[in-house]
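Hi,

Here's the structure I said I'd pass on.

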Amino acid sequence: MSCIQYRFFSKLEHSFVTFDGLHITLTELKKKIMAKEHLKTPNCDLQITKADTLEQGQFYRFTRFFC
């Protein structure tokens, strides 16, 4: 089981989302974060950026994210 650490800009604490396997698609990651945070708006989208550089794009294992 793998996990990804994330944090919303408006929150102080980091949260984790877990998944099976070594990789997860960005779409599935967004769905898991939205489910964990109880976000149910169908037309809502999360912006995923690297925590240290705020860049968007390809991410690697052990990367922290801001939502």
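K30 turns out to be buried, at a relative accessible area of 17% (buried is under 20%, exposed over 50%, partly exposed in between, with a 1.4 Å probe and protein chains only). Keep in mind that this is a predicted model, where local features need pLDDT of at least 70, side-chain atom pairs count only at pLDDT 80 or more, and totals for chains, interfaces and linings use all residues. Numbering runs from 1 along each chain as its sequence is written, and side-chain values use heavy atoms, with hydrogens and water left out.

K30 sits in helix α1, residues 26-36 (helices are DSSP runs of H or I, at least four residues, and strands are runs of E, at least two, numbered from the N terminus). Neighbours within four places in sequence aside, K30 is in contact with D45, L46 and I48 (contact means heavy atoms within 4.5 Å). K30 and L46 are 16 residues apart in sequence, with their C-alphas 6.6 Å apart in space.

L46 and I48 also belong to the largest nonpolar core, which has 10 residues (such a core is a set of buried Ala, Val, Leu, Ile, Met, Phe, Trp, Tyr and Cys residues joined through side-chain atoms within 4.5 Å). β1 (2-7), β2 (15-19) and α1 each supply at least two of its residues, and α1 gives the largest share, three.

Cheers
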